[in-house]
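I opened the model to take notes on its fold, its helices and a few backbone angles. The entries follow in the order I looked things up.

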Amino acid sequence: MKAGVIVFPGSNCDRDLAVAFERAGAKVSMIWHKETDLPGDLDIVGIPGGFSFGDYLRCGAIAAQSPITRSLIKHTERGGYAVGICNGFQVLTETGILPGALMRNGNLKFICKPIGLKVETTNCDFLSGYEKGQEITVPIAHHDGNYNVTDEKLAQLRDEDRIAFTYVDNPNGSTGDIAGVMSKNRRVLGMMPHPERCVDEKHGGTDGVAMFRSLVDSVVAA
């Protein structure tokens, strides 16, 4: 599998994400945000965490206007895989690739700690390595992770089985305890927690390994 990780000014989890892909068996290329085209042979694009453009204007809003983002949108429109983590999730909502908006945490504080997540579905290539209802521990580190959608959109996400993860103990006020959602074709995942930070026991846990491994295995098998 070939993966590309987009790098914006202020990204700080791009290398972590690349390592997580590589450990799962993917060949990874780093893509600077001023590039206008993604490599044509990519299977998946990773949009990493961090503070793109210093979070000025609104988290992910400036990154969503970067030259490479137009190619990212085309990639997802033709069925390509993408995963946006933390700031990457914010970018995916700002581009409209995923629904909803990430707002300031309910307690108005930056939150950085391991958090319990519940796997809500395994009916996608990202999550097939878990069990539905399984609880895992993944770090969070965000100030604007409060996921908001309308009641109508929340009902739609539930009806279409597009909620990937929920918080066991909601830390930020997210609607429906949502920690991650998928696109309608189930090939784009956005989530606030950092699975790329828990792929090494020395870093405190390996609950993120299954996500990267199951994705790589699914793509290679196809």
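Entry 1, one residue and its neighbours. I started from Phe212 and listed what it touches, leaving out residues up to four places away in sequence: Leu17, Ala20, Phe21, Ala24, Pro195, Glu196 and Val199. The model is a predicted one. Phe212 sits in helix 5, which runs over residues 209–221. I then checked its cover: the relative accessibility is 2%, so Phe212 counts as buried, the cut-off being under 20%.

I counted five helices and eleven strands. How does the radius of gyration stand against that of a compact globule? For 222 residues the globule value would be near 17 Å, and the chain has 16 Å, which agrees. The C-alpha trace spans about 40 × 40 × 35 Å along its principal axes. Of the 222 residues, 55% are buried. I also looked at contacts with a separation of 6 or more: 73% of them join residues 24 or more positions apart.

I noted 23 positive and 27 negative side chains. The centres of the two sets are 3 Å apart.

Which residues of helix 2 (residues 67–77) are buried? I found Ile68, Thr69, Ser71, Leu72, His75 and Thr76. They cover an arc of only 160 degrees around the axis, which means that they lie on the same side of helix 2. Arg70, Lys74 and Glu77 are exposed on the other side. I next asked what the buried residues pack against. The list holds strand 1 (2–7), strand 2 (27–32), strand 3 (44–47), strand 4 (81–85), helix 3 (87–95) and strand 11 (188–191). Just after helix 2 comes Gly79, with a positive phi of about 95 degrees.

Helix 3 is one of the elements that the buried residues of helix 2 pack against, and I checked its own cover next. Eight of its nine residues are buried, and helix 3 is mostly covered. The buried ones are Asn87, Gly88, Phe89, Gln90, Val91, Leu92, Thr93 and Thr95. Gly96 follows helix 3 and has a positive phi, near 85 degrees.

I looked at two residues here. Asp55 is not a glycine, yet its phi is positive at about 60 degrees. Asp55 lies in the loop between strand 3 and helix 2. Its relative accessibility is 23%, so I put Asp55 down as partly exposed. Leu108 is not a glycine either, and its phi is positive at about 65 degrees. I placed Leu108 in the loop between strand 5 (101–103) and strand 6 (111–119). Is Leu108 buried or exposed? With a relative accessible area of 60%, Leu108 is exposed.

Terms used:
Residues numbered from 1 in each chain as written. Predicted model: local features only at pLDDT ≥ 70, side-chain atom pairs only at ≥ 80, totals over all residues. Heavy atoms only, no water. Helix = DSSP H or I, 4+ residues; strand = E, 2+ residues; numbered from the N terminus. Rg over C-alpha atoms; globule rule 2.2 N^0.38 Å. Buried < 20%, exposed > 50% of the residue type's maximum accessible area, 1.4 Å probe, protein only. Contact = heavy atoms within 4.5 Å. Lys, Arg positive; Asp, Glu negative; His and termini not counted. Charge placed at Lys NZ, Arg CZ, Asp CG, Glu CD. Arc of directions from axis to C-beta.
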